[in-house]
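User: Could you go through this model with me? I would like to begin with one of the helices.

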Amino acid sequence: CASGYRVFSANSTAACTELAKKITERLGVELGKSVVFQASNRETRVDVKESVRGQTIFIIQTIPRDVNTAIMELLVMAYALKTSCAKNIIGVIPYFPYSKQCKMRKRGSIVCKLLASMLAKAGLTHIITMDLHQKEVQGFFSFPVDNLRASPFLLQYIQEEIPDYRNAIIVAKSPSAAKRAQSYAERLRLGLAVMHGEAQCAESDMADGRHSPPCVRNPTGHPGLELPLMMAKEKPPITVVGDVGGRIAIIVDDIIDDVEDFVAAAEILKERGAYKIYIMATHGLLSADAPRLIEESAIDEVVVTNTVPHEVQKLQCPKIKTVDVSMILAEAIRRINNGESMAYLFRNITVDD
């Protein structure tokens with residue numbers, strides 16, 4: 001191939017190759033010939049069917065519900081390409097799995113860092129991803145990471161598909177989402193409302209476990225320092241800072257997975273007088289019975305991008321709408337392959353985005 005690059009998909013499930021097909025169509029190239037499958041003993045097997053020696057290879061890996069299989073497929077595919085003498089191996093992972101496990105909790109581990117190390121060891125030399133849960137996750141990698149943003153696509157959806165969007169207000173369902181919401185509100189020249197209180201179970205409230213007492217070996221020894229006692233957190237009843245009465249409420253977040261929080265937020269916004277409720281999120285994981293809960297809730301529409309396959313959920317719940325982001329992923333691949341600047345893809349993107 002004269003272009004010197006190939007695009008492969010490392011998924012064994014058909015639903016996950018949809019995004020890869022859209023990207024290759026936009027690039028005007030064929031999807032690389034490879035077979036990824038689970039052997040009868042559930043081991044992951046990868047068979048690359050064409051020469052990749054000296055070429056730049058892009059592996060597109062969308063993450064289905066079976067996260068761990070998808071990670072293993074990506075690792076095995078990357079290692080197969082590395083041992084076949086590919087020059088560069090670039091992972092296109094629109095939704096980066098385990099990105100929520102990026103902080104130390106109790107005696108846990110920062111799984112996101114472990115995954116970053118595994119990908120580097122398997123042979124990846126660069127990653128293109130989208131809306132990492134925390135931007136600082138990029139620091140876990142020993143190679144470049146391009147963290148693309150879906151916000152331009154979601155903002156376009158709001159402007160084109162939500163009639164009377166000028167009467168909308170952007171809502172952060174917890175104080176931790178306020179920065180993202182503020183970024184949307186400023187771009188759309190809309191107001192901002194922030195919810196906080198006891199119904200919100202924010203990540204920042206999870207105990208990090210370092211208060212657990214050490215086992216006492218020598219009770220008669222040094223009594224230890226008398227540290228000041230930390231006041232326990234007490235959350236006020238749920239309140240909405242900002243007036244949503246007679247407005248369209250648009251809740252923005254990066255991931256919508258367990259929807260109980262969103263459903264509870266929608267109920268409160270309805271009580272406060274919002275007449276329509278939209279949810280905009282980049283990654284629509286929509287696990288378990290999320291589609292049913294959304295269908296039965298006060299939420300009018302959930303808008304997500306196609307970083308994660310969710311066709312099954314859409315059949316169960318017509319309120320779920322999809323925005324296609326294959327265009328920006330294809331453009332990122334084209335620019336990286338041609339050695340062009342990526343700055344154009346980040347124009348007007350702020351730090352808080």
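Analyst: This is a predicted model. Helix H9 covers residues 326-338, which is 13 residues, and runs 18 Å from its first C-alpha to its last, close to the 18 Å expected at 1.5 Å a residue.

User: Which residues in H9 are buried?

Analyst: Ser326, Ile328, Leu329, Ala330, Ala332, Ile333, Arg335 and Ile336 are buried in H9. As a general point, an α-helix has 3.6 residues a turn, so residues three or four places apart point the same way.

User: And what happens just after H9?

Analyst: Gly339 follows, with a positive phi of about 70°.

User: Which residues touch the most other members in the largest nonpolar core?

Analyst: That core has 48 residues, and Phe58, Ile128, Leu148, Ile170, Ile250 and Leu329 touch the most other members. The element that gives the most to this core is H9, with 6 residues.

User: What does Phe58 touch?

Analyst: Leaving out residues up to four places away in sequence, Phe58 touches Tyr5, Arg6, Val7, Phe8, Ile90, Val92, Ile128, Ile333, Ile336 and Asn337. Two of the residues in that list, Ile333 and Ile336, are among the buried residues of H9.

User: Where is the second core?

Analyst: It is separate, has 37 residues and includes Ala80, Cys102, Leu124 and Val145.

User: Turning to aromatics, how many pairs are there?

Analyst: The count is 3 aromatic pairs. In one of them, the ring centres of Tyr5 and Phe58 are 5.8 Å apart and the planes stand at 90°; planes over 60 degrees apart count as edge-to-face, so this pair is edge-to-face. Tyr5 lies in strand S1 (residues 5-9) and Phe58 in strand S4 (residues 56-60), so the pair links parts of the chain 53 residues apart.

User: Are Tyr5 and Phe58 buried or exposed?

Analyst: Both are buried.

User: What about Phe141 and Phe143?

Analyst: Their pair is tilted, at 5.4 Å centre to centre with 50° between the planes. Phe141 has a relative accessible area of 10% and is buried; Phe143 is also buried, at 10% relative accessibility. Ring pairs join Phe96, Phe141 and Phe143 into a cluster.

User: Last topic: what does UniProt place at residues 13-123?

Analyst: The unreviewed UniProt entry places the feature "domain: Ribose-phosphate pyrophosphokinase N-terminal" there. In the model, this span is 36% helix and 19% strand, and its end C-alpha atoms lie 23 Å apart.

Key: Residues are numbered from 1 along each chain as its sequence is written. This is a predicted model: local features need pLDDT of at least 70, side-chain atom pairs count only at pLDDT 80 or more; totals for chains, interfaces and linings use all residues. Side-chain values use heavy atoms; hydrogens and water are left out. UniProt positions are given in the numbering used here, feature names are shortened, and annotations may be inferred rather than shown by experiment. Helices (H or I, at least four residues) and strands (E, at least two) are DSSP runs, numbered from the N terminus. Rings of Phe, Tyr and Trp (its six-membered ring) pair if their centres lie within 6.5 Å; planes under 30 degrees apart count as stacked, over 60 as edge-to-face and the rest as tilted. Buried means under 20% relative accessible area, exposed over 50%, partly exposed in between (1.4 Å probe, protein chains only). The expected span of a helix is 1.5 Å times one less than its number of residues. A nonpolar core is a set of buried Ala, Val, Leu, Ile, Met, Phe, Trp, Tyr and Cys residues joined through side-chain atoms within 4.5 Å. Contact means heavy atoms within 4.5 Å.
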